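Please look over the structure shown here. The paragraphs that follow go from the whole chain to a single side chain.

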Amino acid sequence: MTSEFLTSLRARHDKGGTDALISVCSAHPLVIEAALLHGAARQQPVLIEATCNQVNQEGGYTGMTPADFRDYVFAIADRVGFDRARIILGGDHLGPNPWKSLSADEAMQKASDMIASFAEAGFVKLHLDASMGCKGEPAHLSDPIVAERAVTLARRAESVAPGQAVYVIGTEIPTPGGATEALDHVVPTTPDAVRATYHVHEKAFRAALPDAWSRVIGIVVQPGVEFGHEDVAVYAPQAARALVATLGDLPGLVFEAHSTDYQPGEALAQLRRDGFRILKVGPELSFALREALYGLDAIRCFLEPESVSLVAVMEQVMLQSPGNWQSHYPGDLRTQRILRHFSYSDRIRYYWPVAEAEKAVTALMQSLDGVALPETMISQYLPRLFERVKSGALAADPKTLLLQSVRDVLDRYETL
């Protein structure tokens, strides 16, 4: 069912449908739970993706292999009563990126092993991205080399799960996770670049894997959306008009847009209308979760003045292990402190699995368990949820409030 849903995206677009797949890119258990609850409420499949750095055959930064990640997601689904058959698992940027410091042969061997592990674990949507240069190569490779390597990866996936996967080609610049420069020059992918990527991949696939080419469903392009530490480049349909017009030259494909976090509802709706039928979101989901955690923490600190704040714990955790934020957050000490907690790129998300952080979150939730949270404090510290709590539409329960904060982001992707 999941592969048919993916392969029919273009047909539904051509018939004037407005549905799109929200690609949830997060390993946080509460984010995944919220995504499954969102899908259940709408009776829709849920697409959950893992990146090559996050999950791979060597464990990635989560310590999980693709099979581990699959079992992790399925365990959450079983707990909340979501049908496993309606979960679409995807692998993002599958290619040599984690090993690009090695020679091309070594890196591609590892990338091939990785995509085989994704396919073997039942991941259906595989994004082929061999665009980055390896040791001794240019940073960005020519289209023919990228296409040749994409076919190599697809061939390996087909060898372990024949006919099971659907593929997405192409990449985008800057890389996922948020831009580090000013957002005054984010421009859409040019029509010539889109057509070149399409035709060179089509030629390579038809020569080597013609059946697999029929299962290439999408192409990653830059529609002109991005987010930095403190600002967001919002979709401008006029600027993307030439790009959007190229969809007619790409039979069977839809556009996939990365970094759609923080886009207004109308921008997301216009992206869907323009053929961007796979919309990736990740940091905004964990940003919303962090906002709600900090709001609950503020309530707890007022009710229990002697408690140690979650903010203080997270600050200490990040200072003790600066590897995941230091090279990304510029500026003086004050600016860096603000960004550690409040940057749109939300690199604090890498620290929630740390033992001290998990302990602090558990302590926060336990201290508020069974406590009647004053409406006026929810108004103060969780204002986006206040009206629903006041009306009785939303329970003033800490976990419910956390999950709803994430679901509100996903709900915005449904705006018409």
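What does the accessible surface of the protein chain come to, and what percentage of it belongs to carbon and sulfur atoms? The accessible surface is about 17300 Å², and carbon and sulfur atoms hold 54% of it; areas come from the Shrake-Rupley method with a 1.4 Å probe, and for residues only the protein chains shown count as cover.

This is a predicted model, in which local features need pLDDT of at least 70 and side-chain atom pairs count only at pLDDT 80 or more, while totals for chains, interfaces and linings use all residues. Residues are numbered from 1 along each chain as its sequence is written, and side-chain values use heavy atoms, with hydrogens and water left out.

The protein chain has 17 helices and ten strands (DSSP runs numbered from the N terminus, with H or I of at least four residues for helices and E of at least two for strands). Its C-alpha atoms fill a box of roughly 70 × 45 × 45 Å along the principal axes. Of the 416 residues, 53% count as buried, meaning under 20% relative accessible area with a 1.4 Å probe, protein chains only. Among contacts with a separation of 6 or more, 73% come from residues 24 or more positions apart (contact means heavy atoms within 4.5 Å).

Within helix H13, residues 333–342, sits His341. His341 is buried, at a relative accessible area of 3%. Beyond its neighbours within four places in sequence, the residues in contact with His341 include Arg290, Tyr294 and Ile348. Glu315 is also in contact with His341, and the two side chains make a polar contact at 2.7 Å (a pair of N or O atoms within 3.5 Å, where within protein one must be able to donate a hydrogen and the other to accept it, and residues adjacent in sequence count only if both atoms are side-chain atoms).

Conventions
Buried < 20%, exposed > 50% of the residue type's maximum accessible area, 1.4 Å probe, protein only.
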